[in-house]
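The sequence and coordinates come first.

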Amino acid sequence: MTGKSHAHALLGKLENYIQNEFPVDAGIGKSPRELYEPITYILSLDGKRIRPLLSLLAYGIYKPNPEAILSQAVAIEVFHNFTLMHDDIMDDAPLRRGKKAVHMKWNNNVAILSGDVMLVKAYDLLLPTEADKLGEVIRLFNKTAAEVCEGQQFDMNFETLESVHEEEYLDMIRLKTAVLVGFALQLGALLAGAEKSDAQKLYDFGMNIGVGFQLKDDLLDVFADQAKFGKQVGGDIISNKKTFLLIKALELAEGEDAEALNYWLAQTEFDKEEKVKAVRRIYEKLGIKAFTEAKMNSYFEAGFAQYEAIHYKNEDYFLELKKITQDLIHREK
């Protein structure tokens, strides 16, 4: 198998596994339906399945038949969607992947309880792990889950802080986003029996790539082509979200630029399009796009340096994992 065929085949198997575990027409066949239907619903939305795919490809670098760990890979996807379900409640987000968020389709209490069941189900899906590896897998999963929660709390804290430093923001996105990418890769390697040093390099690769991905998202939110982006450009500007771009702009802005930026941050009633255009102009004047790209690329470069140092057994999977990651880096939406 060459080209995209490994990933394509594995994505198909992931989808089949998820549909069998969480059948749409059965509400998972359990009662009360209100508890289980939201789980099927969020898992049926248009997710890219990147994290479980990374686990399967990492496994394939060291051992044939990554299908052997479909259960564990799906555990990561279930956990990821559990965090999204709860994040949407905290953010009062109306949409998830273009459809109603679970708490909007049902209500907050249903979304909280369904999310709790998803976390339990993630542990169930990890149980097929070989006995000699299960303890380590659960320990690393618990560490990752706690860090994701820490990242979410930092993100919420930032909403009420007058200022956030660059390093604080980067640490927040490392926790909220990147640790799960790192764990997904590390899990696949560990389950395949890779050396712990190589599993750690894959984790570090995922961490750096994950931070870079989030910086890319920050950048796209402001500078993406609306036709390609698929959602409103400038959402972070409208909500005064303390992204890397805003933090850097507040650091660099002086005189009229600082005055204009602070004016828009202080407004509670405004024309959304006008605000986005005005803040984007300030960003362009300050060269914020270039600063963000430089920081983003520094994480990507560090990640690929770690990746190239990995000892691998299957070159096809090694090269395909690298290509898929590079394709994600160059995405426009």
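Arg280 is partly exposed, with a relative accessible area of 21%; buried means under 20% relative accessible area, exposed over 50%, and partly exposed in between (1.4 Å probe, protein chains only). The model is predicted, so local features need pLDDT of at least 70 and side-chain atom pairs count only at pLDDT 80 or more, while totals for chains, interfaces and linings use all residues. Residues are numbered from 1 along each chain as its sequence is written, and side-chain values use heavy atoms, with hydrogens and water left out.

Arg280 sits in helix H14; helices are DSSP runs (H or I, at least four residues), numbered from the N terminus. Not counting residues up to four places away in sequence, Arg280 touches Val222, Phe223, Val233 and Ile237, where contact means heavy atoms within 4.5 Å. Between Arg280 and Leu170 there are 21 Å in space, C-alpha to C-alpha, and 110 residues in sequence.

Gln152 belongs to helix H7. With 5% relative accessibility, Gln152 counts as buried. Once neighbours within four places in sequence are set aside, the contacts of Gln152 are Asp87, Met90, Asp91 and Lys176.

**Helix packing**

Two packed helices are described by the angle between their axes and the distance between the axes. For helix H6 (residues 108-126) and helix H7 (residues 131-158), the axes come within 11 Å and cross at roughly 155°. Axes here are lines fitted to C-alpha atoms, for helices over the stretch in contact, and angles run from 0 to 180 degrees between N-to-C directions. H6 and H7 are therefore roughly antiparallel to each other, a label for angles over 145 degrees. On the H6 side the contact is made by Leu119, Ala122, Tyr123 and Leu126, and on the H7 side by Leu134, Val137, Ile138, Phe141 and Asn142. By class, this contact of H6 with H7 has 8 nonpolar, 1 polar and no charged residues. Ala, Val, Leu, Ile, Met, Phe, Trp, Tyr, Cys and Pro count as nonpolar, Asp, Glu, Lys and Arg as charged, and the others, Gly among them, as polar.

In helix H12 (residues 244-252), the buried residues are Phe244, Leu245, Leu246, Ile247, Lys248 and Ala249. The buried residues of H12 pack against helices H8 (166-191), H9 (196-223), H13 (255-266), H14 (272-286) and H15 (288-308).

**Salt bridges**

Side chains of opposite charge can pair when their charged atoms come close. A salt bridge is taken as a side-chain nitrogen of Lys or Arg within 4 Å of a carboxyl oxygen of Asp or Glu, and by this rule the count comes to 20. Three of them are listed below.

| Pair | N to O distance |
|---|---|
| Lys13 and Glu67 | 2.6 Å |
| Lys121 and Glu21 | 3.1 Å |
| Lys322 and Glu308 | 2.5 Å |

Lys13 lies in helix H1 (residues 5-21) and Glu67 in the loop between helix H3 (50-62) and helix H4 (70-91), so this pair ties together parts that are 54 residues apart in sequence. Lys13 is partly exposed at 35% relative accessibility, and Glu67 is partly exposed at 29%.

Lys121 is in helix H6 and Glu21 in helix H1, so their bridge joins parts 100 residues apart in sequence. Lys121 is partly exposed, with a relative accessible area of 23%.

Lys322 of helix H16 (residues 315-329) and Glu308 of helix H15 tie together parts that are 14 residues apart in sequence. Glu308 is partly exposed, with a relative accessible area of 42%.

Glu166, Lys248, Glu251 and Lys295 are linked in a network of salt bridges.

Methods: Helices (H or I, at least four residues) and strands (E, at least two) are DSSP runs, numbered from the N terminus. Angles under 35 degrees count as roughly parallel, over 145 as roughly antiparallel, 65 to 115 as roughly perpendicular and the rest as oblique.
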